[in-house]
Amino acid sequence: MPAPFLDAPFTIAGEVVGSRLILGSGGIPSLEVLERAIIASGTSVVTVAMRRLDPAAPGSLLDVLARLGVRVLPNTAGCFTAAEAVLTARLAREALETNWVKLEVIGDEITLLPDGSELLRAAEELVGDGFVVLPYTNDDPVLARRLEHAGCAAVMPAGAPIGSGLGIGNPHAIAMIAEAAGVPVVLDAGIGTASDAALAMELGCAGVMVASAVTRCRNPETMARAMALAVEAGRAARAAGPIPRRYHAEASSSFHNMAGLAREAAGETSLAPSGQRRR
Amino acid sequence: MSNVVTLVVNGEPQEVPAGTTVAGVIAFIAPSTRGIAVALNGGIVARSTWESTPVAAGDHIEVLTAAQGG
């Protein structure tokens, strides 16, 4: 048996969260598929949106989440202003008896990217009102710092637009955010497949949030498992201290005590200029 | 004086007896009160005051709960 990778617990606002993979429930074809995906993902936190009660809705999402013992994290998806997001967060707290909120204030319907100024304003107000605020933000290190200074318990930068599956468009920005942050950085939005999640962790993120990549793929249960493995692999790789990138090769087999065969190999000449021959 | 007032509940007209409270409105549309929050004319009505908060003709009421969402 290989030794397991012993990771530090993932904590937000002083609470041990558990899995570093957060799952969004949006876009899943049914509650049955959602349940299997949650189990396969091993996640401890599942996000939900606040919407008008639909008496005709089949089954209860909250019943499924309660049965699985996962934390319900309400979001403010669909809000375009700080005022709307703050009201939605307060309604969520009332409905779900949690003061945690994934704060989303978007700028437009085409990109669904955060509106930085409205987001910061909403974050300040909700922190002041006792919320544990997890803001969905841009891949902007300065805005991330502002949100942290406002008292947010984590920052959740976008890798790419929500639902795009484009992965991490600006890995350098994500790495800069992760390096500077004193709160957990959870990559949110843009993840398309498992390698994107692994990359997020390798860049220094403390966690990854996925929704569409799991819920809208052909087999959500299998992708959920793949994401869990990728998050663990990326985290372990980061902890292992990867080799620095370099321009030229570095032989993994030593040239030391290399046999003197080159002179004996009749009729063969190296294409490499003599200056580039290793000695 | 009518015995019935018309509200707007989750965007749809809803007739309720005069003197109905927020709790009464919820009972009309929700199978259970678990996981529900209510906004009355844009302000939150705390669960503890549902029974004591009356509604009036033309009130806009939003009854929200958790739905699938990223």
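Strands (E, at least two residues) and helices (H or I, at least four) are DSSP runs, numbered from the N terminus, and two strands pair if DSSP finds at least two bridges between them. Thr11(A) has Val16(A) in E2(A) as its bridge partner. Two residues sit between the strands of this E1(A)-E2(A) hairpin, and Ala13(A) in the turn has a positive phi of about 50 degrees.

Some housekeeping: this is a predicted model, where local features need pLDDT of at least 70 and side-chain atom pairs count only at pLDDT 80 or more, while totals for chains, interfaces and linings use all residues. Residues are numbered from 1 along each chain as its sequence is written, chains are lettered from A and ligands numbered from 1 in the order in which they are written, and side-chain values use heavy atoms, with hydrogens and water left out.

## The three-stranded sheet

Chain A also has an open sheet of three strands, in the order E6-E7-E8 with parallel pairing. Strands E6 (100-103) and E8 (156-157) of chain A are at the edges with a single partner strand each, so one side of each has no neighbour in the sheet.

Strand E7 (residues 132-137) of chain A pairs with E8(A) in the parallel sense over two bridges. Opposite Thr137(A) you'll find Pro157(A) in E8(A).

## Helices H1 and H2

Helix H1 (residues 31-41) of chain A and helix H2 (residues 61-68) of chain A cross at roughly 25 degrees, and their axes come within 11 Å. Axes here are lines fitted to C-alpha atoms, for helices over the stretch in contact, and angles run from 0 to 180 degrees between N-to-C directions. H1(A) and H2(A) are therefore roughly parallel to each other (angles under 35 degrees count as roughly parallel, over 145 as roughly antiparallel, 65 to 115 as roughly perpendicular and the rest as oblique).

On the H1(A) side, Leu31(A), Leu34(A), Glu35(A), Ile38(A) and Ile39(A) meet Leu61(A), Val64(A), Leu65(A), Arg67(A) and Leu68(A) of H2(A); contact means heavy atoms within 4.5 Å. The residues of this H1(A)-H2(A) contact are eight nonpolar, no polar and two charged. For these classes, Ala, Val, Leu, Ile, Met, Phe, Trp, Tyr, Cys and Pro count as nonpolar, Asp, Glu, Lys and Arg as charged, and the others, Gly among them, as polar.

## Two further helix pairs

Helix H3 (residues 82-96) of chain A packs with helix H4 (residues 116-128) of chain A at an angle of about 35 degrees, with their axes 8 Å apart. Ala82(A), Val86(A), Ala89(A) and Arg90(A) in H3(A) touch Glu118(A), Arg121(A), Ala122(A), Glu125(A) and Leu126(A) in H4(A). That H3(A)-H4(A) contact has five nonpolar, no polar and four charged residues.

Further along, helix H7 (residues 194-202) of chain A and helix H9 (residues 220-240) of chain A pack at about 30 degrees, with axes 7 Å apart. H7(A) and H9(A) are therefore roughly parallel. Their contact residues divide into nine nonpolar, one polar and three charged.

## Where chain B meets chain A

At the interface, 24 residues of chain B contact 30 residues of chain A. About 2,200 Å² is buried between the two chains, with carbon and sulfur atoms giving 61%; buried area is the accessible area (1.4 Å probe) that two parts lose on being put together, summed over both. In chain B, Ile44(B), Gln68(B) and Gly70(B) lose the most area to chain A, together 27% of what that side buries.
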